[in-house]
Amino acid sequence: MWSNAQDSALQERARAVIPNGMWGHQSVALMPESTPQFFTRAQGTRLWDADGNEYLDFMCAYGPNLLGYQQPEVQAAILRQMELGDTMTGPGPVAVELAEALTGMITHADWAIFCKSGAEATSMALVTARAHRGRRKILLAKGAYHGAHPWNTPRPAGTLPEDRAHLIYFDYNDLDSFADAVKQAGDDFAGVFASPFRHDTFTDQTLPDAEYAAGVRRICDEHDALLIVDEVRAGFRLSRDLSWAEIGVDPDLSCWGKVLGNGQPISCLLGNDKARKAAGSIFVTGSFWFSAVPMAAALETLRLIRETDYLERIREIGTMFRQRLVQQAAEYGFGLRHTGPVTMPMVLFEDDPDYRFGYRFSDTAMRHGAWLSPYHNMFINAAMTPGDIERALEITAIAFDDIRRNRASVQPSAKIAALLPR
Ligand code: PMP
């Protein structure tokens, strides 16, 4: 019988020594009421919580798990480097090898700077774009997430309007809205952040329009402003190159993180020769930005990305999950919107404006061993097999059946009611 007694005890202890019991989106604050917060183990496609419950995990650590938790070859690379040295007075040769590997794989990239988090990579991109021509205005799509630094955190407590004074927002996939923002920036237009596709929380995902992407590129060139693609979440789940390479648009800068070391803490900023001088002029660093173990993990992850059929497999598994889940929903009398790339599915219920069915669905699935999200895109990893999807569907059948039977009495989650527009 599923229980979260140990986890509840840990959450209570955490509330005493950690503000709100946990920070950021790794907090379960937005998840259904009984969602466990703490995990003791992860292997392949599976997670175990503090009570020993096992989950087939569709969140993949919010992205980093691309090849399977503890993928054996990556794990071996980690252990080999660990025995030699990790955080040293300077980087290991692996830093050069990794920069060479990335610039060899990512068409637009001529250089790399490594860091630890996606937000560090996006902040470095912002500063580089401003340093390029000494301009200030940065354009961003409304609602897009690029990290939790003062200029981009979604909850601005403790930040100043000045932190965002030179940011201009436009609508994703809307070239007219982008052109208006450019006009507003005038001769102070430094650069624009583009998400590979629209992957905001609580909303359907939309793929970029090729014309929009090409238009953004052209307008940036006309103004000598830098185009930045924030690949932190989507990296290597759509392509072995930058995801916009598929639609033929090369940015000047791209930000990477999450999957880069298959879970090891490493991220990076990549750039082209046009942006090299600006990137060389800014001062950026961190005590752990040189650590060799995450770099060795990343080097091995990139080799597996190049040399295995992981991408074809996650597309196949993602397609199977999408088709079967939508079909299953219809069998139980529900409409599902399953949007975005199949390897990063967002699953929302039709006619569910306060997300009550989505929350109940995820909660029931979690209690039966499938970790899903009712508000955030999920992720497929390469360790998943058709058997795992069959298992997930057995669990989702229980969850659909539960809502069908309790349709009239399911209540909206009190936690998210406060967040919804009134
Ligand atoms: N950009 C995007 C698109 C992201 O999804 C995230 C993380 N969810 C970030 C930046 C920030 O990455 P990190 O949490 O590693 O700072």
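This briefing describes selected features of one protein structure, grouped by topic. The structure is a predicted model.

- An antiparallel pair is formed by strand S9 (residues 253–256) and strand S10 (residues 267–271), over 4 bridges.
- Within this pair, Ser 254 has Leu 270 in S10 as its bridge partner.
- Strand S5 (residues 137–141) pairs with S7 in the parallel sense, over 3 bridges.
- Lys 137 has Phe 189 in S7 as its bridge partner.
- S7 is also joined to strand S8 (residues 226–230) by 4 bridges, and these two strands run parallel.
- Here Gly 191 stands opposite Leu 226 in S8.
- In strand S7 (residues 189–194), 6 of the 6 residues are buried, so the strand is largely enclosed by the rest of the structure.

- Ile 168 has its place in strand S6.
- The residue is buried: the relative accessible area of Ile 168 is 7%, and the cut-off for buried is under 20%.
- Apart from its neighbours within four places in sequence, Ile 168 is in contact with Lys 137, Ile 138, Leu 139, Leu 140, Ala 181, Gln 184 and Ala 185.
- Ile 247 lies 79 residues from Ile 168 along the chain, and the C-alpha atoms of the two are separated by 25 Å.

**Helix H2**

- Val 74, Ala 77, Ile 78 and Gln 81 are the buried residues of H2.
- Viewed down the axis of H2, these buried residues fall within an arc of 100°, so they line one face of the helix.
- Helix H8 (292–307) is included in what covers the buried residues of H2.
- On the face of H2 turned away from the buried side are the exposed residues Pro 72, Arg 80 and Glu 83.
- At the start of H2, a side-chain oxygen of Gln 71 comes to within 2.9 Å of the backbone nitrogen of Glu 73.
- Gly 85 follows H2 and has a positive phi, near 150°.

- Most residues other than glycine have a negative phi.
- Ala 61, a residue other than glycine, has a positive phi near 60°.
- The place of Ala 61 is in the loop between strand S3 (54–57) and H2.
- Ala 61 is partly exposed, with a relative accessible area of 39%.
- Gln 70, a residue other than glycine, has a positive phi near 55°.
- The place of Gln 70 is in the loop between S3 and H2.
- Gln 70 counts as partly exposed, at 36% relative accessibility.

Technical notes. Residues are numbered from 1 along each chain as its sequence is written. This is a predicted model: local features need pLDDT of at least 70, side-chain atom pairs count only at pLDDT 80 or more; totals for chains, interfaces and linings use all residues. Side-chain values use heavy atoms; hydrogens and water are left out. Buried means under 20% relative accessible area, exposed over 50%, partly exposed in between (1.4 Å probe, protein chains only). The arc is that of the directions from the helix axis to the C-beta atoms. Contact means heavy atoms within 4.5 Å. A polar contact is a pair of N or O atoms within 3.5 Å; within protein, one must be able to donate a hydrogen and the other to accept it, and residues adjacent in sequence count only if both atoms are side-chain atoms. Two strands pair if DSSP finds at least two bridges between them.
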